[in-house]
Amino acid sequence: MSAQPTAQQVLHLFRSIVRTHGELLPAELRELGNAHTKSEFRAHLQGKAVTSQQWGEFMSSWQGYLAMLRPDHVGSSGGSLRQSADSAMAADAMRETAKGLDELLSPEQRLRMAALKREAASLGQGMLSGGKPGSQTEGRDTP
């Protein structure tokens, strides 16, 4: 995606992600995911000097995320083989983008990302242990 996407394309992607969160994620993760998604889309939309290349990377990364959550969503035509190939390409693009992401983040964004990772890990551990998500961190002062 070399040209800047239209507002309709950005809104469609945002809504698809939020809808998928609602369909697939438990309430705690859905709230966390939706808040993060909203924050990232808002920050990118309000960016003063976002280039076409940055828009392309932004859209590609979020499309990869959506493909990871729901592989059947990517490539609405062409059958399941094409959908699988599109999903794999989108996931590869997302992994490639994530490799250099840390270099692009500000110190504040790195701290926020670390906090999100800790929260996601604690929610995941709670789900794996059969308890309520996040129940392992309740009552502790440290994350």
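Mentor: Phe14, Phe41, Trp55, Phe58, Trp62 and Tyr65 form one aromatic cluster. Please keep in mind that the model is a predicted one. In the whole structure, a search finds 6 aromatic pairs. A pair of aromatic rings is described by the distance of the centres and the angle of the planes.

Let us begin with Phe14 and Phe41. Their ring centres lie 5.3 Å apart, and their planes stand at 65 degrees; since the cut-off for edge-to-face is over 60, the pair is edge-to-face. Phe14 belongs to helix H1 (residues 7–24) and Phe41 to helix H2, so this pair ties together parts that are 27 residues apart in sequence. Phe14 has a relative accessible area of 22% and is partly exposed, whereas Phe41, with a value of 3%, is buried.

A second pair is made by Phe58 and Trp62. Here the centres are 6.3 Å apart and the planes are at 55 degrees, so the pair is tilted. Both residues lie in helix H3, separated by 4 residues, or about one turn of the helix. Phe58 is buried, and Trp62 is buried as well.

We may now turn to the helices themselves. Helix H2 (residues 27–45) and helix H3 (residues 52–69) pack at an angle of about 165 degrees, and their axes are 12 Å apart. Angles over 145 degrees count as roughly antiparallel, which is why H2 is described in this way relative to H3. The crossing of these two helices is left-handed. On the H2 side, the contact is made by His36, Thr37, Glu40, Phe41, His44 and Leu45, and on the H3 side by Gln54, Trp55, Phe58 and Trp62. Sorted by class, this contact has 5 nonpolar, 4 polar and 1 charged residues.

Helix H3 also meets helix H1. The axes of H1 and H3 come within 10 Å and cross at roughly 25 degrees; H1 and H3 are therefore roughly parallel to each other. Their crossing is left-handed. From H1, the residues in contact are Gln9, Val10, Leu13, Ser16, Ile17, Thr20, His21 and Leu24, while H3 contributes Trp55, Met59, Trp62, Gln63, Tyr65, Leu66 and Leu69. By class, there are 10 nonpolar and 5 polar residues in this contact, and no charged ones.

To bring the two views together, consider Trp55 and Trp62. They are members of the aromatic cluster, and they take part in the contact of H3 with H2 and in the contact of H3 with H1.

Conventions: Residues are numbered from 1 along each chain as its sequence is written. This is a predicted model: local features need pLDDT of at least 70, side-chain atom pairs count only at pLDDT 80 or more; totals for chains, interfaces and linings use all residues. Side-chain values use heavy atoms; hydrogens and water are left out. Axes are lines fitted to C-alpha atoms, for helices over the stretch in contact, and angles run from 0 to 180 degrees between N-to-C directions. Angles under 35 degrees count as roughly parallel, over 145 as roughly antiparallel, 65 to 115 as roughly perpendicular and the rest as oblique. A crossing is left-handed if the near helix is turned anticlockwise from the far one by less than a right angle, and right-handed if clockwise. Contact means heavy atoms within 4.5 Å. Ala, Val, Leu, Ile, Met, Phe, Trp, Tyr, Cys and Pro count as nonpolar, Asp, Glu, Lys and Arg as charged, and the others, Gly among them, as polar. Rings of Phe, Tyr and Trp (its six-membered ring) pair if their centres lie within 6.5 Å; planes under 30 degrees apart count as stacked, over 60 as edge-to-face and the rest as tilted. Buried means under 20% relative accessible area, exposed over 50%, partly exposed in between (1.4 Å probe, protein chains only).
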